[in-house]
Amino acid sequence: MYKRQTPKCYTDFQVTIRDFCTANRLVKGVDIIEAIDDPAIIKNYELFAMFIRSPTFLISDRFMIDAKYVWKDRCVVIVSSLGCEKERDEYLRTHDLKGLELAVNVISAMKFIPVYKDPEDETSEVIGTRTIFANESDFGGSVPKWLVQQVLPKSIHEMYDDVVMTTREMSGVHTTGKP
């Protein structure tokens, strides 16, 4: 549980991919291809290219072309490369991506759930947030299984530490140390 942060802190933070990428130490950069942020609609959308620094010198850096959807009212964020094939192909035709491996994010989904002071009363004070995270990605190229098993769990954990710490700073919750 992430104490003193409401699910809204996380969905507000996730609305722009630039915020997310700034917080993540493995992201080298992002290029917004298309964005829709209309207050009249509940779902926000961004199509973007993300450039990812390898967590180890043993493998190449990666890039993805993904779409991100945020449903603020449901505290849900979904990111996926699926359905972006046409945009990916166009991006590959118009950008020099030598030295980078294409990664495919089948799905990354986050659900932010409020933790109430009184668990039996959803009108009581929200004292924290639980996060459910699901991910299925193909990082492309030839990566030995032992390396994936050694590096990936730590990288995902660090990504969430970065997100939590940045969200705390953005929401005015100042604490010291890791989440």
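In the predicted model, Tyr45 is buried, its relative accessible area being 16%, where buried denotes under 20% relative accessible area, exposed over 50% and partly exposed the range in between (1.4 Å probe, protein chains only). Tyr69, by comparison, counts as partly exposed at 25% relative accessibility. Residues are numbered from 1 along each chain as its sequence is written, and side-chain values use heavy atoms, with hydrogens and water left out. Because the model is predicted, local features need pLDDT of at least 70 and side-chain atom pairs count only at pLDDT 80 or more, whereas totals for chains, interfaces and linings use all residues.

Two aromatic pairs are present in the structure, a pair being defined by rings of Phe, Tyr and Trp (its six-membered ring) with centres within 6.5 Å, and termed stacked for planes under 30 degrees apart, edge-to-face for over 60 and tilted for the rest. The ring centres of Tyr45 and Tyr69 lie 5.4 Å apart with the planes at 45 degrees, so this pair is tilted. Since Tyr45 belongs to strand β3 (residues 43-52) and Tyr69 to strand β4 (residues 62-71), the pair ties together parts 24 residues apart in sequence; helices (H or I, at least four residues) and strands (E, at least two) are DSSP runs numbered from the N terminus. Ring pairs link Tyr45, Tyr69 and Trp71 into a cluster.

Ser137 is located in strand β8 (residues 126-138). Its side chain forms polar contacts (N or O atoms within 3.5 Å; within protein, one able to donate a hydrogen and the other to accept it, with residues adjacent in sequence counting only if both atoms are side-chain atoms) with the side chain of Asn105 at 3.3 Å and with that of Asn135 at 3.1 Å. When neighbours within four places in sequence are left aside, Ser137 is in contact (heavy atoms within 4.5 Å) with Val104, Asn105 and Val106.
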